[in-house]
Amino acid sequence: MIDKNLVKGAINVLNSNFNDQQGFTIPCEGLYPFQWHWDSGFIAIGFAHYDSNKAKREIEALLSGQWANGFIPHIVFHNDSDTYFPGPDYHRTDLHPDCPKNVKTTGITQPPVTGFVLKELYDIVEDKADMLTFIKQNIDKIYKNHQHFYGHRDPYNEGLVYIYHNWESGTDNSPIWDEIWETMDPPKYKYERKDTTHVDAAQRPTNREYDNYIHLLEIAKAYNYDDAKIAELSPFLVQDPLFNAILIKSNSALIELYELIGGHEEKIVTLNRWQTKAKARFNEKLFNKDLKAYVHYDLRNEKQLSYITSSSFTPLFAGIPSKERAYIMVNTLMTKFGEEERYLCASFDPQSDKFNPVKYWRGPVWINLNWLLFRGMKYYNFTDIAKRIKADTLTLIEEHGFYEYFDSRKSEGKNGAYGGHNFSWSAALTIDLLKDKL
Ligand code: 9WN
């Protein structure tokens, strides 16, 4: 039974965050006033359930920021706003010859959701022919994006791509990065943070952490956003299981969509080649047998970063582990994250002393991660766990509203919602979860 009020509330959030003139949706007013890459993908899924035109416009607006070399940036600055740092003038992507000429963007990316989102849009809408026309117009742009990843972000030709900034991971303030911050000693930059004017500083990264974030961007700018130079010299170079799982899932979606369209055999052969290599290396390099979960790999310092986060389980979403391994991982997840007095799923190992239940990506529950895990559990037939993730997610939204992140501790009750309010992907994915029959 679909809760009509919740759907109505979610639609209100999405519609009021949608910029009709420019055809994109902000993640949340004030705190995030531009178009963000992976946010837009999740947002389009929400739109597809009630307004396929907006879903298409959202993706088109994101792709209007694509670079000539295929790169899709993490923010597209369609508009001006002084409520966010670093804003449109900071990034200087004009230093790179391939940056778009008509719109400003950043020179970092985010988890490449657009491929699998196109397939979701096709599956959701009623007018399949219309959506397929849209997909035909845009699918090659996503293919080119994946080509760029494997050509420029995989220095050892392993089938695994790196990220060079924590903001590329989407899980920006995860304790995973702490070991890397210890290898860096950035200057104390002078800039004015805006995020802590919108949200309690206790729920956001520290100033010293922000110095690291800015330092990595300064390095990229100093090398004119040249991938080869960044790969050689950036202190942050990580193969992230969430990022790579999303890329692999998007590869699968592109294969299915090209098959549906017909006549793209060469691309399908290439995509299958990428997939075989990527999945094999992923299983070999990113699984940690002692922790019984996938972990991040620090390519700069050549070592696994041995922590368990909610990202550790997202390979389920992309069908990467064998059934046996999936069973082992799910056992890890339920032992560490799944106790009765906790909502699924904390973003960081609740048994670790680095766990912080209120701070941005260091512990709270995020709705997009829950959605990925829900889908992963469903795919591997862990039906009861999938149902629990769905129920926990909807309870959090019902109790608090469409916040950005939530406390995993049930004992926090009414106090346990943090970050931005009327947050777009929380609304969009609530609609999708409510429509799911499970
Ligand atoms: C930096 C927009 C984005 C999300 C990220 C989330 C947060 C930005 C920030 O907000 O990151 O990109 O300023 O903190 O961590 O996942 O895409 O919602």
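Contact means that heavy atoms lie within 4.5 Å of each other. The legends below describe a predicted model, in which local features need pLDDT of at least 70 and side-chain atom pairs count only at pLDDT 80 or more, while totals for chains, interfaces and linings use all residues. Residues are numbered from 1 along each chain as its sequence is written, and side-chain values use heavy atoms, with hydrogens and water left out.

**Figure 1. The protein chain as a whole.** The chain holds 16 helices and 13 strands; these are DSSP runs numbered from the N terminus, with at least four residues (H or I) for a helix and at least two (E) for a strand. Its radius of gyration, taken over C-alpha atoms, is 20 Å, close to the 22 Å given by the globule rule for 438 residues, so the chain is as compact as a globular protein of that length. The globule rule is 2.2 Å times the number of residues to the power 0.38. Along the principal axes, the C-alpha atoms fill a box of roughly 50 × 50 × 45 Å. Among contacts with a separation of 6 or more, 71% join residues 24 or more positions apart.

**Figure 2. The largest nonpolar core.** A nonpolar core is a set of buried Ala, Val, Leu, Ile, Met, Phe, Trp, Tyr and Cys residues joined through side-chain atoms within 4.5 Å. Buried means under 20% relative accessible area, exposed over 50%, and partly exposed in between, using a 1.4 Å probe and protein chains only. The largest core has 147 residues, of which Phe-42, Phe-116, Phe-313, Trp-371, Leu-372 and Met-377 touch the most other members. Helix 11 (residues 241-261) gives the most to this core, with eleven residues. In soluble globular proteins, nonpolar side chains tend to be buried together.

**Figure 3. The surroundings of Phe-116.** Neighbours within four places in sequence are left aside here. Phe-116 is then in contact with Phe-42, Ile-45, Ile-246, Lys-249, Ser-250, Ala-253, Phe-317, Trp-371 and Leu-372.

**Figure 4. Asn-370, a buried residue in helix 14****.** This helix spans residues 367-379. Asn-370 counts as buried because its relative accessibility is 1%. Apart from neighbours within four places in sequence, Asn-370 is in contact with Leu-344, Cys-345, Val-365, Ile-389 and Thr-393.

**Figure 5. Glu-126, an exposed residue in a loop****.** The loop lies between helix 4 (114-124) and helix 5 (128-152). Glu-126 has 80% relative accessibility and therefore counts as exposed. The C-alpha atoms of Glu-126 and Leu-434 are separated by 17 Å, and the two residues are 308 residues apart along the chain.
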